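Subject: Structure for your review

Dear colleague,

Please find the structure below, handed over for your review. My notes on what was found in it follow.

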Amino acid sequence: MWFSKSQEEVLRELNVNPKMGLSTEEANSRIKKYGENKLKGKPKKSLTSLFFEQLKDMLIYVLLGATVITIVIGEYVDAIIILSVIILNAVIGVVQEYKAEKAIEALQQMTTPKTLIRRDGEVKETNSEEIVPGDIIIIDAGRYIPADIRLIESANLQIEESALTGESVPTDKDANDIHGDPKTPIGDKSNMAFMSTLATYGRGEGVVVATAMETEIGKIAKILDEDNEEMTPLQKRLEELGKVLGFLAIGICVLIFVIALFQKRDLFNMFLIAISLAVAAIPEGLAAIVAIVLAIGVTRMSKINAIVKKLPAVETLGSVNIICSDKTGTLTQNKMTVVKNYTLNNLKGVPTTETRFEADKDEAELIKTLVLCSDATFENGESTGDPTEVALVVLGHKYNLTKSDLNSKYNRISEKPFDSDRKLMSTLNKEGNGYRVHTKGAIDNLLKISSHALVDGKAVQLTDEMKKKYLKMAEEMSDDALRVLGAAFKDTTSIINPEEMEKDLTIIGLVGMIDPPRIEVKDSISKAKQAGITPIMITGDHRNTAVAIAKELGIAETIEQSLTGAEIDELSDEEFSRKINNYRVFARVSPEHKVKIVRAYKSHGNIVSMTGDGVNDAPSLKYADIGVAMGITGTDVSKGASDMILTDDNFTTIVHAIEEGRNIYSNIKKAVIFLLSCNLGEVVTILASILFDWPVPLTATQILWINLMTDTLPAIALGVDPGDKDVMKKKPRDPKESFFAEGAGTRAVIGGILIGVLTLAAFYFGLTEHGYGLGTEDIPEYVITYASTMAFVVLAASQLFYSLTMRNSMKSIFQVGLFTNKYLIGAIIVGIVLQLGVISVPFLANAFGVHNLSLRDWGLVIFFALIPLIVNEIIKAFMRVKEKIA
């Protein structure tokens, strides 16, 4: 805990003379002991290992088993088709995940290449990787900090730490500070400088106390390096489904052999039938369909500025019920903005628009002083300098008092730089025939050195009552979490020394500034709440500032709903987890706290999304169910650790992405239930024919054709359905909810049985037309072929028509809009054309063992094929009536 020790103690402990620095010999000895000052990461996965990881899925194992069996029985075409499905599924997954793990690499790139150090008594520039604990580092404005440093000297030093702490303004540093509290947050360690932060003002010197993985940023790297690959709800559902289907296929095969033994059938023939039934039970295209639907969803989401890195993350978004968001840059604009100004008895709000405004006399003097006493620039929307000073220059721009115009009119002659002890800055500018001192800084310090106040353009004697008014206004602004800055001036006939500048000033007034919320975020938070999602703010900023923003956005209502990092440390993990739902704002938190917060929410079964843009957000982005990084302001580290990147840095996009995620899951569920209904129909057809000792209506090839061609196209079309417009009016889906919840399982069973029974009915009518029945022995081959064709057509067509009713579990096909999913209409037409082709083209008809049908029989099979659609629509009508009554 170097921050709790004096400079002398630290230097003594690290055995270094600050005037001389380390010797080259000692530095070489220490680099052998501590290693190079660069972050380490785990080796990247090869394309081959990524490919094989895609195959670790129960459904894929089942398909691989089916491939082996089809090869054994000589059905090579079937084997090639199934293998193609497996490879397609794996390739889609690899393409999405190829560039996923870049976090540590990005961290390594963030370390600065060159730095100033003192060695052998000389100041030299060296590669930051060669720095060791004990090195004396020279810090000046514009230079990145190369390691964790205990400051030993500082002069007006300010360091921008937003990437590490989340604070939107640079932090004042003082080498003489000592922090006795061991739980002091990173943002309050004013005597320390941390790796990869940026010095923005002043200068300093420090001694390196930690390098590489021992730095604060290195601790983040260690967290990112831990394996934390949890399965998404969709992956869990599909794995469960794969197991069920796998065991079902095995069970069916065993059942058939038992039946065969009792019925004394030909065992080899029954083996072929068992394969047919196993093929019927497994939706071969399911794995590929889910991957394709997710890939299409990813493409669709990229159009709304959300880039998803891992396919299953799309669906997880639909289950999110907690959004933990970083404040700076995510909920706020990440730029200080003046929102109020005050001259005596005259408080005004500053317009947020870019339109130019007119200032009154005192207001104009206030703005003029603040702009002239600033070193920042603002031209054509581009700014440079300290964020606070940028805010003042932008304020002048709004009131036609631009920095360039004022500088040319009132030339700066001299200045007294800002000092953290005085908390003031002064400039001396040419004014008419004389000169004017412009001073800005802490209002209480200004009042101590002021003798007059500007009132209606005239300097009047400053009274105690006036001082109270200024201080009261400053207090009110501070209570609203505004950063307060005062301004004063003094006229002089000659150039004076800096020591004479800050005496007998005339106080003009003060301004209040804040990093304001993004304009569109409030509506997004309201929409998220309506959808049953709880927004949470997590920030390294101060509690009052965070709560003020949270209240304005509708995240929190009272300060009691906030907790600081220090308060989190006082709670045990169990106690913190128990109380977590009482809070909406977490302030002054470290990266470890963020991970702890995410874990606490997840311990209650929540699906947690974490948004952020800084290095400090990376561990929590990785631990969250969905990590969302900012594409514009986000560091490479946060992007590497995330599951999704927002290209417009807009919180609103997250809400749109959640809506898209909900619809994608709903679409995948439709596709799964549709496929299972179809496959159940096939199982019912074959199992019933075996149980009742009838001829088997379908061959393995016919079933595989229907599963991979006729079923797959409508299933994909269902997967890209436009979705339900009311999806964000519902609560988030329970991640433990199965595919068969809300009556989906019942509908799948009813649909499957109907399809199976109607397929058997078509087969029966095909036999009776030629004078045979289901129980007749020695039926001629051509009769079986004709009846089998009728069954084949009914099975395919009924599934194609049935897909129309699967678009919504409650609304009728007319309420949803018959032609609102053009892909589905196209898939049905293509399916019918393919089916006609198989029956009509001679060599295909021979390969599939089918025969062309008469016009009368075409009418019959189309009638049978429409029945499952009509029955399901009637069931939905009854459900709607029941819902209205309830």
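In which loop is leucine 571 found? Leucine 571 sits in the loop between helix 22 (565-569) and helix 23 (573-579). Please bear in mind throughout that this is a predicted model. Leucine 571 has a relative accessible area of 14%, and because the cut-off for buried is under 20%, leucine 571 counts as buried. Leaving aside neighbours within four places in sequence, leucine 571 is in contact with Leu563, Phe576, Lys579 and Lys596.

In soluble globular proteins, nonpolar side chains tend to be buried together. Here the largest nonpolar core has 134 residues, of which Met301, Tyr470, Ile507, Leu510 and Met644 touch the most other members. Helix 27 (residues 651-691) supplies the largest share of this core, with 18 residues. Apart from this core lies another, of 41 residues, including Ile186, Met192, Phe586 and Ala600. As for isoleucine 507, its contacts beyond four places in sequence are Ile443, Leu446, Leu447, Ser450, His452, Ala453, Leu454, Leu462, Tyr470, Ala487 and Ala488.

Salt bridges

A search of the whole structure gives 37 salt bridges. One of them joins the side chains of glutamate 389 and lysine 440, at 2.8 Å from N to O. Glutamate 389 belongs to helix 15 (residues 387-398) and lysine 440 to strand 16 (residues 434-441), so this pair ties together parts that are 51 residues apart in sequence. Glutamate 389 and lysine 440 are both buried.

Lysine 602 and aspartate 625 form a salt bridge in which the closest N and O atoms are 3.8 Å apart. This pair links distant parts of the chain, 23 residues apart: lysine 602 is in helix 24 (residues 591-602), and aspartate 625 is in the loop between helix 25 (618-623) and strand 25 (626-630).

A further salt bridge, with an N to O distance of 3.0 Å, lies between the side chains of glutamate 873 and lysine 876. Where do glutamate 873 and lysine 876 lie? Both are in helix 35 (residues 855-885), three residues apart, which is about one turn of the helix. An α-helix has 3.6 residues a turn, so residues three or four places apart point the same way. Glutamate 873 is buried at a relative accessible area of 14%, and lysine 876 is buried at 1%.

Helix packing

Two packed helices are described by the angle between their axes and the distance between the axes. Helix 20 (residues 521-530) packs with helix 27 at an angle of about 30°, and their axes are 8 Å apart. Because angles under 35 degrees count as roughly parallel, helix 20 and helix 27 are roughly parallel to each other. Their crossing is left-handed. At this site Val521, Ser524, Ile525, Lys527 and Ala528 of helix 20 meet Phe651, Thr652, Val655, His656 and Glu659 of helix 27.

Glycine 554, with a positive phi near 90°, follows helix 21.

With kind regards

Definitions and conventions: Residues numbered from 1 in each chain as written. Predicted model: local features only at pLDDT ≥ 70, side-chain atom pairs only at ≥ 80, totals over all residues. Heavy atoms only, no water. Helix = DSSP H or I, 4+ residues; strand = E, 2+ residues; numbered from the N terminus. Buried < 20%, exposed > 50% of the residue type's maximum accessible area, 1.4 Å probe, protein only. Contact = heavy atoms within 4.5 Å. Core = buried A, V, L, I, M, F, W, Y, C linked by side-chain atoms within 4.5 Å. Salt bridge = Lys/Arg side-chain N within 4 Å of Asp/Glu carboxyl O. Axes fitted to C-alpha atoms, helices over the stretch in contact; angles between N-to-C directions. Parallel < 35°, antiparallel > 145°, perpendicular 65-115°, else oblique. Left-handed = near helix turned anticlockwise from the far one by under 90°.
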